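Student: I have just opened this entry and would like a friendly tour. Could we go through it together, one question at a time?

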Amino acid sequence: MPFLAGSQGLPRQGNERPEAPKKLLSRDFLLLFCIAMCSNSFIAVFYCFEQWLEAIMVPPAWRGILISSLFGMVLLFRPIASIAFLRRSKLMAMVLSLLISSLIMLAYPFVAHGATGVILMLRIAQGIALAVFSSCTIAVLVACIPTGQSARGFALFSLTLLLPYSIIPALSERMLAYLGGEANLFALSGLLGLPALFMLIPLAPRLKAPDVSTQAEGALSRQALWQSVSHSGLALIYLACMTFGTMTTTAIFFMKGLCSVTDAHPAVFFSLYTVIIMLVRLTGSHRLDSLPRYKVPVLCCATLACCMTGLAWGPLWTFVPLTALYGFCIALLYPLMAAAVYDRSTPATRSLNSNIMMAAFDASGLLGPLLGGLVLQAGWGYRGVFMALAMDIGLCGCCLLLDRWRLTRKMV
């Protein structure tokens, strides 16, 4: 499917946001969950974006650029939005970003064939809107997660991206023939902005409250930001997040193309792996915080590398079991890496480090489609794309092993 804010763990001062509740599934958490799920549907519907670009005669290299441009804007503007709205009300920012995203989705049916410039402008605008929205969203999220439930909180909230991917591709594959093409499908998804706007109303009091306390003021400076990036000890974890995100993002946008070669059904892939992730996280979320932070993620990386290879070259009968295994590994890998960032941060730097982690995922959204487009342009086909992803997730596992070695050496 894939931030800055909060003063969680800090004493309350003035108009500062209340401390995190002890109950994870609070009203605000559930409202935020539903709003984010509607917004993430704008991303999930782009699973067929590459095929639409091909249909309107966009060259392979440009397809990667157009897919990644949205995520590039998120990467550039999320830090700016995070700092800009830390002291300000987030209500109007979230309203405007949802409206802009919805209007952009409605504009796709009017795009002419080969109009790469117009598509690029739409993607840039939507990326900026998404950056603002996601920055404001995480500001509330980190304050809603109680201490000691970080892995469970991240795991449950990650369902806001998984649920759209489990539903939208399967429905869309059935609806495309009736809708008259992918562009009309994009426009239809834009209507999901309406319920999201209505759900912002009960969240308004929390969104209007600033996040900054006297103790957190220093985190706004550039020096403090660089200090957090360079001295947090999380550089290898951030790199692991980026390589992991590159694999998942590229698989999403190029799976339908691979299925056109292997004769598999893309809807089966999206529905099955997202359902597996949801089942694992919902049934095992209470045990996630007790799992080893390194052994399990490294094993998952090795397994995912095998899955990418098998999906590219394996016989058709292996498609379903490999997809299920892919979903199982992702279900464990993301929350454990996110929890590592959360647990190795102080209360004062927790939200900042969480934002840097999400910036790493934003970078993967930029790099992944570019990688896929370049592989296609080189003539290696969709199978070549997935072999590149196998090497990419192997690099993720190497980063985790190096981080473990560094920590062990530091403790000696």
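Tutor: Helices (H or I, at least four residues) and strands (E, at least two) are DSSP runs, numbered from the N terminus. This is a predicted model, where local features need pLDDT of at least 70, side-chain atom pairs count only at pLDDT 80 or more, and totals for chains, interfaces and linings use all residues. Residues are numbered from 1 along each chain as its sequence is written, and side-chain values use heavy atoms, leaving out hydrogens and water.

Student: Which helix holds L194?

Tutor: L194 belongs to a nonpolar patch on the surface, together with L103, L106, L188, L191, F198 and I201. Patch residues have over 30% relative accessible area (Shrake-Rupley method, 1.4 Å probe, only the protein chains shown counting as cover). As for its place in the chain, L194 lies in helix 9.

Student: Which helix supplies the largest share of the nonpolar patch?

Tutor: Helix 4 (91-107) and helix 9 (193-208) each give at least two residues. The largest share is three residues, and the supplier is helix 9.

Student: How do helix 4 and helix 5 run, roughly parallel or roughly antiparallel?

Tutor: Their axes (lines fitted to C-alpha atoms over the stretch in contact, with angles from 0 to 180 degrees between N-to-C directions) come within 9 Å and cross at roughly 150 degrees. Angles under 35 degrees count as roughly parallel, over 145 as roughly antiparallel, 65 to 115 as roughly perpendicular and the rest as oblique. Therefore helix 4 and helix 5 are roughly antiparallel.

Student: Which residues of helix 5 make the contact with helix 4?

Tutor: Contact means heavy atoms within 4.5 Å. Helix 4 brings residues including A93, M94 and S97. From helix 5 come L122, A125, Q126, A129, V132, F133, C136 and T137.

Student: And how do helix 11 and helix 13 run, roughly parallel or roughly antiparallel?

Tutor: Helix 11 (residues 235-262) and helix 13 (residues 295-313) have axes 11 Å apart, at an angle of about 20 degrees. So helix 11 and helix 13 are roughly parallel.

Student: What about helix 13 and helix 14, roughly parallel or roughly antiparallel?

Tutor: The axes of helix 13 and helix 14 (residues 319-343) come within 9 Å and cross at roughly 150 degrees. That angle is why the pair is roughly antiparallel.

Note on methods. Patch = residues over 30% accessible without salt bridge, like charges linked within 9 Å, V, L, I, M, F, W, Y side chains within 5 Å. Salt bridge = Lys/Arg side-chain N within 4 Å of Asp/Glu carboxyl O.
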